[in-house]
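Please study the structure before working through the solutions.

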Amino acid sequence: MIHHAGRRRLLYIVICSENASYTKNLTRKLHEIANTNDISSVFDELSDIKSICFNAEDLASQVDLLYIDMDYSDKGGLKIANRFLANGYNGDIVFVSSTDNYALTGYDFGILNYLVKDITPDNKI
């Protein structure tokens with residue numbers, strides 16, 4: 001769901017990751033891409049799995065683009081994806097990881113893209 005704010009579109013992007021430095025870097029890159037394409041964007045950077053899953057019901061109807069770090073312990077990234085989808089999320093999902101271990105699993109979730117940290121080029125974000 002892309003919201004319209006005047007003539008510009010407003011995109012709500014949520015990044016779920018425990019890696020604060022990667023999250024800040026990804027947010028910066030996405031903000032640059034949005035500005036280049038004349039898209040207004042709002043970002044939330046979330047890290048706590050329990051809080052994310054607890055708030056998934058409210059967030060599922062608001063978020064347009066969801067980046068989920070698959071490097072959470074105990075398959076936390078899959079838990080986040082499942083919780084959003086169980087609550088009717090119909091936006092796009094991008095899995096992010098330091099390996100390609102969840103690439104095939106991601107497509108079972110209908111992900112838009114799979115990013116491997118520090119390998120995927122910026123033009124593929």
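**Exercise 1.** Determine in which hand α2 passes α3, and describe their packing.

*Solution.* Step 1: the crossing of α2 with α3 is right-handed, the near helix being turned clockwise from the far one by less than a right angle. Helices here are DSSP runs of H or I with at least four residues, and strands are runs of E with at least two.

The model is predicted, so local features need pLDDT of at least 70 and side-chain atom pairs pLDDT 80 or more, while totals for chains, interfaces and linings use all residues. Residues are numbered from 1 along each chain, and side-chain values use heavy atoms, without hydrogens and water.

Step 1: the axes of α2 (49–60) and α3 (76–86), lines fitted to C-alpha atoms over the stretch in contact, come within 8 Å and cross at roughly 20°. The helices are therefore roughly parallel (angles under 35 degrees).

Step 2: with contact meaning heavy atoms within 4.5 Å, I49, I52, C53, A56, L59 and A60 of α2 meet G76, K79, I80, R83 and F84 of α3. These residues comprise 8 nonpolar, 1 polar and 2 charged (Tyr and Cys count as nonpolar, Gly as polar).

**Exercise 2.** State which helix or strand gives the most to the lining of the largest pocket.

*Solution.* The answer is α1, with 3 residues.

Notes: Axes are lines fitted to C-alpha atoms, for helices over the stretch in contact, and angles run from 0 to 180 degrees between N-to-C directions. Angles under 35 degrees count as roughly parallel, over 145 as roughly antiparallel, 65 to 115 as roughly perpendicular and the rest as oblique.
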